[in-house]
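Here is a short report on a protein chain and its ligand. Please keep the sequence and the 3D view at hand while reading.

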Amino acid sequence: MIGAGAMSGGRNGETPLSNGTVVDYDLIIVGGGLAGSSLAIALAGRSIRILIVEQQEEFRDRIRGELLMPWGSLEAKRLGIYDLLLESCAIEASYFSSFTKGSSPVTRDLLATTPAATCCATFPHPEMQTVLLRQAKLLGAEVRLGNGASAVTFGDVPRVHIGGDVKGLSARLVVLADGRDSRLRSLLGFDVLHDPEQLVTAGMLLEGDVNYSEFLAGEARPSANTVNLFYDPKGGRMVIAMRIAPRRNRIYLIYHKDVLPKRLSGRHSVDEMIRQLQAVGAPSHWFDQARQAGPLASFDGSHRWIDSPFRDGVVLVGDTAAATDPAWGRGLSRTLRDVRLLRDRLLESSDWRSAAEAYARDHDDFYGRMRRLEAMQTTLLFERGEAADKRREHAFALFARDPTRVPDVMGLGPEAPSDDQARARYFGQI
Ligand SMILES: Cc1cc2nc3c(=O)[nH]c(=O)nc-3n(C[C@H](O)[C@H](O)[C@H](O)COP(=O)(O)OP(=O)(O)OC[C@H]3O[C@@H](n4cnc5c(N)ncnc54)[C@H](O)[C@@H]3O)c2cc1C
């Protein structure tokens with residue numbers, strides 16, 4: 001705890017480093033998404049001078065994460081933002097219902113079956129961003145909206161340039177949290193690695209007197225919400241649907257890139273999107289009673305990441321460090337894990353360079369496990385062809401007898417087993 005705050009609050013609000021250099025801020029965070037704002041909140045109250053630079057003035061629907069998995073809810077609690085989200089814009093979904101064509105539906109009671117007794121939370125992404133940025137500001141961070149960072153420079157004293165500003169602002173550490181398409185990351189020369197494209201996620205927002213978190217099978221649980229997942233083993237398609245606010249629902253179609261001849265995107269694809277959603281299992285009354293309330297867009301889900309997301313005064317978090325496949329709904333949880341790991345390392349030591357290096361190792365370790373887990377799931381559930389169909393049939397029959405063969409990523413996150421033995425059990429090879 002010592003180091004983080006000890007050097008703050010110098011003359012004129014500037015921060016002197018141990019070698020006498022004066023910097024404008026302890027931390028400059030580029031990007032006011034979940035990563036940037038929750039990091040500022042998590043470090044608040046320790047006399048750490050923080051600036052968040054966010055290019056947007058207000059937030060609109062970009063089709064981004066709105067379903068936090070139970071292991072991510074635990075991270076949100078550890079960071080002190082879970083209750084804030086519930087009080088302001090989030091809804092808890094304490095069940096998860098899966099409908100697989102040809103099998104009986106399964107509803108999981110998340111509070112009763114997850115290791116930390118946590119559940120899913122859903123929220124409109126733009127509202128979540130607004131709430132967290134407001135909270136960061138309330139807790140003392142300076143937040144500059146409406147003008148993006150145009151450049152970042154490495155160094156003992158890294159700098160951030162906003163708009164056309166030539167001189168730039170200095171910091172002990174710069175955090176890049178500018179998202180999956182980070183331009184600054186490329187300008188700085190970080191090598192972005194990526195997997196080949198496999199799955200596509202198409203998302204749409206619908207408004208009306210209909211609830212996509214309703215229970216469609218089994219006992220009615222009037223006061224609770226569920227997340228509904230429909231899976232078509234023959235078609236390489238999956239649908240995930242949930243209510244994110246009163247009268248507002250998000251629905252995703254996930255499909256193997258070879259399933260549809262073209263990406264579902266824009267107004268002209270809405271009818272086809274709804275046809276596909278219904279073909280996989282979404283009930284028709286969901287569409288009779290709702291109207292489209294946001295754009296329809298599709299995203300390539302292939303992982304893209306940086307090995308060792310720290311260099312010379314600049315550290316990467318959230319999607320800037322690694323973007324997982326939206327198909328599996330884990331980006332928000334992974335982002336919060338990054339933030340917690342970085343917060344803990346920064347609070348452990350006054351040497352923020354070593355702390356950021358240690359964070360980068362922590363990140364690589366858990367992200368590597370996450371990537372292995374998602375690759376296993378993508379291969380088993382979405383690969384196409386006769387051999388893949390046979391493998392699926394065999395594995396599903398084994399899952400029905402022994403559900404522990406499926407790693408509990410929802411509850412355990414990256415701690416779910418992903419080693420060779422876990423993989424062989426999942427694929428029904430042992
Ligand atoms: C289609 C889709 C569906 C998804 N669904 C889910 C889901 O259901 N569950 C889940 O867990 N995850 C999901 N995700 C992933 C999730 O949205 C991300 O992991 C999460 O939003 C990452 O947060 P972030 O703060 O790192 O980045 P972002 O949310 O992208 O925030 C980055 C911020 O940086 C700002 N910015 C960019 N450039 C600059 C600049 N130069 N200067 C200043 N500011 C800048 C942007 O305006 C933005 O506000 C989904 C992703 C996609 C694409």
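G281 follows helix α8, and its phi is positive, near 140°. Helices (H or I, at least four residues) and strands (E, at least two) are DSSP runs, numbered from the N terminus. This is a predicted model: local features need pLDDT of at least 70, side-chain atom pairs count only at pLDDT 80 or more, and totals for chains, interfaces and linings use all residues. Residues are numbered from 1 along each chain as its sequence is written.

Helix α8 spans residues 270-280, with M273, I274, Q276 and L277 buried. Buried means 20 or more other C-beta atoms within 10 Å of the residue's own; exposed means 12 or fewer, partly exposed lies in between, and C-beta atoms are placed from the backbone. Seen down the axis of α8, the buried residues fall within an arc of 160°, so they line one face of the helix. The arc is that of the directions from the helix axis to the C-beta atoms. D271 and R275 are exposed, on the face of α8 turned away from its buried side. The cover over the buried residues includes β15, β17 (237-245), β18 (248-256) and α9 (285-288).

The chain is divided into three domains, with bounds from an automatic or database domain assignment.

| Domain | Residues |
|---|---|
| domain 1 | 2-66 + 126-195 + 306-372 |
| domain 2 | 91-122 + 199-300 |
| domain 3 | 377-426 |

The C-alpha centres of domain 1 and domain 3 lie 35 Å apart. Six residues of domain 1 are in contact with four of domain 3; contact means C-beta atoms, placed from the backbone, within 7 Å. On the domain 1 side, helix α11 (residues 352-382) gives the largest share, four residues.

What surrounds the ligand? The shell holds 37 residues, and the closest are G33, G65, G179, G318 and G331. A residue counts as near if its C-beta atom, placed from the backbone, lies within 6 Å. Domain 1 and domain 2 each supply at least three residues of the shell. Helix α10 gives the most, four residues. Elements that each supply at least two include α2 (34-42), β4 (50-54) and β15 (199-208). The shell divides into 13 nonpolar, 17 polar and seven charged residues. Ala, Val, Leu, Ile, Met, Phe, Trp, Tyr, Cys and Pro count as nonpolar, Asp, Glu, Lys and Arg as charged, and the others, Gly among them, as polar.

Confidence comes last. Mean pLDDT (the predictor's confidence in each residue, from 0 to 100) is 94, and 96% of residues reach 70 or more. Over residues 1-12 the pLDDT is below 50. Where pLDDT is low, the predicted coordinates should not be read in detail.

Terms used. Two residues are in contact if their C-beta atoms, placed from the backbone, lie within 7 Å.
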